[in-house]
Amino acid sequence: MSYLGVGVSPANIPVNHATDLNATDRRLRLTELVLRCAICGLAVLSALLLTTAHQVKEVFLVEKAAKYSQMKALT
């Protein structure tokens with residue numbers, strides 16, 4: 001018994017609060033992998049759309065084509 005009587009356990013009983021931590025970790029890692037693959041796929045798709053898109057606007061009978069270098073946010 002301790003001096004104050006605080007923190008004394010009546011028996012040494014092992015306590016395990018996690019029921020199936022390995023399955024939860026596996027599901028979490030699989031979800032993270034799927035999300036990362038989806039993000040990479042969407043990034044590749046957006047790069048392909050940027051390089052293959054041809055936008056032309058007509059201003060006073062002059063056609064002006066949009067270019068990748070005109071988008072300051074992407075350069």
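The accessible surface of the protein chain is about 7,600 Å², and carbon and sulfur atoms account for 64% of that (Shrake-Rupley method, 1.4 Å probe; for residues, only the protein chains shown count as cover).

User: What sort of model is this, and what gets counted?
Analyst: It's a predicted model: local features need pLDDT of at least 70 and side-chain atom pairs pLDDT 80 or more, while totals for chains, interfaces and linings use all residues. Residues are numbered from 1 along each chain as its sequence is written, and side-chain values use heavy atoms, leaving out hydrogens and water.

User: What's the average pLDDT of the chain?
Analyst: The protein chain averages 76, with 63% of the residues scoring at least 70. pLDDT is the predictor's confidence in each residue, from 0 to 100.

User: Which elements does the chain have, and in what order?
Analyst: One helix and two strands, running α-β-β from the N terminus on. Those are DSSP runs numbered from the N terminus: helices are H or I with at least four residues, strands are E with at least two.

User: And where is confidence highest and lowest?
Analyst: Confidence is highest in α1, with a mean of 88, and lowest in strand β1 (residues 56–59), with a mean of 79.

User: How much of the chain is buried?
Analyst: Of its 75 residues, 1% count as buried. Buried means under 20% relative accessible area, exposed over 50%, and partly exposed in between (1.4 Å probe, protein chains only).

User: Switching to UniProt: which residues does "transmembrane region" cover?
Analyst: The annotation, from an unreviewed entry, covers residues 33–53. UniProt positions are in the numbering used here, feature names are shortened, and annotations may be inferred rather than shown by experiment. In the model, that span is 95% helix and 0% strand, and its end C-alpha atoms lie 30 Å apart.

User: How many salt bridges are there?
Analyst: One. The side chains of arginine 36 and glutamate 32 meet at 3.0 Å, N to O; a salt bridge is a side-chain nitrogen of Lys or Arg within 4 Å of a carboxyl oxygen of Asp or Glu. Both residues sit in helix α1, four residues apart, about one turn of the helix.

User: What does the side chain of threonine 52 reach?
Analyst: The backbone oxygen of leucine 48, at 2.8 Å. Threonine 52 is in helix α1 and counts as exposed, at 51% relative accessibility.

User: Last one: what's the phi of leucine 61?
Analyst: Phi of leucine 61 is near 65 degrees, a positive value in a residue other than glycine. Most residues other than glycine have a negative phi. Leucine 61 lies in the loop between β1 and β2 (62–65), and counts as exposed because its relative accessibility is 77%.

Notes
A polar contact is a pair of N or O atoms within 3.5 Å; within protein, one must be able to donate a hydrogen and the other to accept it, and residues adjacent in sequence count only if both atoms are side-chain atoms.
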